Amino acid sequence: MDQRLVEATVGAEAKVSIYADVVIKERVPKGYRIKALDEKLRKERTRLEARIQSDARQSGVSTPIILDVNDYTIVMERIKGDLVHRVINERIAEQVGETLCRLHAAGIAHGDPTTRNMIVSAGRVCLIDFGLAYYDGGVEARGVDVHVFFQTLEAMYDSAQQLKEAFLRGYARYCSDAALVIDRVEVIKLRGRYL
Ligand SMILES: Nc1ncnc2c1ncn2[C@@H]1O[C@H](COP(=O)(O)OP(=O)(O)OP(=O)(O)O)[C@@H](O)[C@H]1O
Ligand SMILES: [Mg+2]
């Protein structure tokens, strides 16, 4: 293995070290929790993240291959490509729609489907960061995912409206009940506004 570190990031939950071919993601301690409880929760969450990520892959959604899981650490394939955040256009937004719909059809909600948690690699959209993912194929969970994606578009891009429409074309192509989810997104949006 090529052991040169390419990049390292430390987020609220995880320390991510990117090497030439692999990524090592370690869930960091939360100082405000009792140590034993913190260790238990981090181990559980690490295992769940790895399990959901590989289940998604088994369902035909492009995600990094899990190579190893150990206590607080996941070793996975490094996806070479560009963050959707940097390269999004209508064609990519449509592919994101297809990809998220496939994930949802498998009964999985991503939990944090922002444009920084997706990589375009060899012309395909690959989903990363299953740190907040959960098993739920219901309309509410799916609507929340779509709402989160739309919010990142609205915050970042002048062409958000066209990108949202492209996303929905992709989403509706593979999910026959897309209309239910799209209606729920409207309800979630209003709820956010009036809370
Ligand atoms: N398998 C991968 N291949 C290539 N780059 C990756 C991979 N995993 C993560 N990255 C890069 O590292 C960044 C951080 O990783 P990730 O999103 O998984 O962690 P995080 O946002 O800190 O996690 P969490 O939301 O669980 O706290 C990503 O935005 C991406 O740029
Ligand atoms: Mg992330």
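**Entry 1: domains.** I looked up the domain contacts and found 16 residues of domain 1 touching 17 residues of domain 2, contact meaning heavy atoms within 4.5 Å. The model is predicted, so I kept to its limits: local features need pLDDT of at least 70, side-chain atom pairs count only at pLDDT 80 or more, and totals for chains, interfaces and linings use all residues. Residues are numbered from 1 along each chain as its sequence is written, chains are lettered from A and ligands numbered from 1 in the order in which they are written, and side-chain values use heavy atoms, without hydrogens and water. I noted the bounds as 5-77 for domain 1 and 82-194 for domain 2; such bounds come from an automatic or database domain assignment. The domain centres, taken over C-alpha atoms, are 22 Å apart.

**Entry 2: helix α1.** I checked the length of α1 (residues 35-58); helices (H or I, at least four residues) and strands (E, at least two) are DSSP runs, numbered from the N terminus. Its 24 residues should span 34 Å at 1.5 Å a residue, and the end C-alpha atoms lie 35 Å apart, which agrees. The expected span is 1.5 Å times one less than the number of residues. I listed the buried residues of α1 as D38, R42, T46, E49, A50, I52, Q53 and A56. Buried means under 20% relative accessible area, exposed over 50%, and partly exposed in between (1.4 Å probe, protein chains only). These buried residues pack against β3 (22-27), β4 (66-70), β5 (73-77), α3, β7 and β10. After α1 comes G60, with a positive phi near 95°.

**Entry 3: sheet.** I traced an open, antiparallel sheet of three strands in the order β6-β8-β9, where two strands pair if DSSP finds at least two bridges between them. At its edges are β6 (82-83) and β9 (124-127), each pairing on one side only. Two bridges join β6 to β8 (residues 118-121), and L83 stands opposite I119 in β8. Helix α3 (residues 90-105) lies across β8 and β9, at about 45° to β9. Axes are lines fitted to C-alpha atoms, for helices over the stretch in contact, and angles run from 0 to 180 degrees between N-to-C directions.

Entry 4: N117 is buried, at 8% relative accessible area, whereas D129 is partly exposed, at 25%.
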